[in-house]
Amino acid sequence: MADRKGAYGDKANDTSFRKTWDRAEYAEKAANRDHKLKEEGRARYEAAISGKKYYKRASTPEDAKETEARKSRLDVASRVGTTMLVSAGSAIGKRGKGAGFYCEACDLTFKDNRQLVEHENSKQHLYAIGQTGEVRRATLEDVKERLAWLKRKRDEETGREVLDLGTRLEVQKEIDEREREEKRRKRNEKRRKTKDGMGIVKQEVENDGIIC
Amino acid sequence: MAHQADEKRMLDDRGYTGTLIRGANPLLLFEKPVRDRIVESMYWKEQCFGLNAATLCDRAVELENIGGIYGAAQKPSKFLCLAFKLLQLTPERDIVLHYLRQQEWKYLRALAAFYIRLCWQPKEIFETLEPFLADYRKLKRRAREGFALTYVDQFVDDLLTKDRVCATSLWKLPPRTQLEDLDVLEPRISPLGEELEDIDADRQDGRTEDDSGSDVEVLDDGHGLGNGHDHDNDTDVDGD
């Protein structure tokens with residue numbers, strides 16, 4: 001086929017743009033499918049013999065993880081007052097990334113943090129993540145270990161609290177210094193962004209608003 | 001045997017197969033309105049999803065008050081949500097006892113006491129909870145409007161005597177005297193023991209001496225709260 005002659009007598013061009021098919025892979029796929037059909041047929045036959053009904057079930061994937069509790073809460077407070085730019089056509093109904101709370105695993109947008117949380121608890125989402133929706137039962141050892149760990153965490157935190165007034169004042173001073181530095185840096189950045197690095201100059205007019 | 005991450009399967013119409021408490025679904029120990037409020041609350045959806053008996057401790061150590069339903073919208077307290085979660089999980093006896101007996105976190109202890117009162121048999125309830133009538137730590141209770149101060153021993157006593165605690169109607173507990181009569185329990189030996197006997201003895205003696213005011217001091221501050229006298233500081237000559 002490579003040296004077929006075209007209508008005008010020239011050879012056929014490079015055909016590398018055409019899709020090539022991996023025959024071995026597809027042969028394997030076909031063999032698998034046949035095998036599965038046979039298995040299912042056998043299962044149906046056995047069920048019919050023993051008088052039971054055959055149920056076709058989707059099997060749990062082998063690497064499904066067990067559900068665990070949330071480690072952190074959804075941080076909504078930090079987004080208050082912020083603006084997000086989204087393109088208009090990117091979300092149709094819930095599908096697609098639009099304005100609101102977005103779930104990456106399922107490609108859905110919700111208008112509300114409550115709806116997002118409800119969605120994250122739903123079967124649909126758990127399957128998309130690869131979790132089963134079942135939680136492992138805890139034993140007494142687990143509970144004891146957990147309580148010991150929590151106790152240790154709490155002791156560390158109380159240990160870090162210093163009750164001496166002098167050291168507390170120093171620590172507070174350092175924190176204030178750091179915050180001032182941050183503010184200064186931010187202000188400088190803002191100024192740099194405006195024209196000529198002059199910052200936004202406040203126009204002041206005398207007797208503004210007063211009619212003399 | 002894993003348990004489900006949320007309560008939907010347990011509250012289904014398909015029926016419940018699992019550990020029975022008082023012969024029924026454990027979640028039905030809470031009344032329908034209370035159950036609905038809990039299940040719709042944000043705390044339940046976000047923080048109580050996917051907990052097991054160990055991770056529940058994380059939430060329990062962050063508890064800051066006990067309580068039932070509060071506010072106009074009947075919001076459930078976190079304590080109530082965690083109690084509901086315990087009912088869903090129905091942990092083993094020794095886990096609950098561990099929660100109760102640990103010393104570090106009083107709210108976890110209160111939670112375990114509440115669970116025990118709801119789920120166990122009367123004999124076990126009395127035997128397990130009575131030692132904690134000696135725990136004098138303070139608890140913050142969230143009432144319908146505002147907060148109230150209570151103590152661990154006060155809370156345990158409420159559980160053993162009252163009908164309704166924390167927005168739940170408690171299952172009727174036969175009084176201790178009845179159980180003693182049935183020889184199921186021994187008569188109660190109070191930890192105060194000898195001190196109680198001494199006080200009783202004093203009181204007996206005090207009465208025979210016909211000086212009933214010996215134990216009681218009457219404070220006369222001149223502003224007697226008599227009947228019907230109101231407290232405005234008026235400067236009338238006649239003393240009404």
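Buried means under 20% relative accessible area, exposed means over 50%, and partly exposed lies in between, with a 1.4 Å probe and protein chains only. The exercises concern a predicted model, in which local features need pLDDT of at least 70 and side-chain atom pairs count only at pLDDT 80 or more, while totals for chains, interfaces and linings use all residues. Residues are numbered from 1 along each chain as its sequence is written, chains are lettered from A and ligands numbered from 1 in the order in which they are written, and side-chain values use heavy atoms, with hydrogens and water left out.

**Exercise 1.** Determine which residue meets D135(B) in a salt bridge, and classify the accessibility of both partners.

Solution. A salt bridge requires a side-chain nitrogen of Lys or Arg within 4 Å of a carboxyl oxygen of Asp or Glu. The side chain of D135(B) meets that of R137(B), at 3.2 Å from N to O. D135(B) has 9% relative accessibility and therefore counts as buried, whereas R137(B), with a relative accessible area of 23%, is partly exposed.

**Exercise 2.** Locate the salt bridge between E92(B) and R137(A), and state how accessible each residue is.

Solution. The two side chains meet at 3.4 Å, N to O. The pair crosses between chains, from the loop between α4 (78-89) and α5 (93-101) of chain B to the loop between β3 (134-135) and α4 (140-160) of chain A; helices (H or I, at least four residues) and strands (E, at least two) are DSSP runs, numbered from the N terminus. E92(B) is partly exposed at 33% relative accessible area, and R137(A) is partly exposed at 24%.

**Exercise 3.** Characterise the packing of α6(B) against α8(B).

Solution. Helix α6 (residues 106-119) and helix α8 (residues 152-161) of chain B pack at an angle of about 10°, with their axes 10 Å apart. The two helices are therefore roughly parallel to each other, a term for angles under 35 degrees. Residues making the contact include F114(B) of α6(B) and F155(B) of α8(B).

Note on methods. Axes fitted to C-alpha atoms, helices over the stretch in contact; angles between N-to-C directions. Parallel < 35°, antiparallel > 145°, perpendicular 65-115°, else oblique. Contact = heavy atoms within 4.5 Å.
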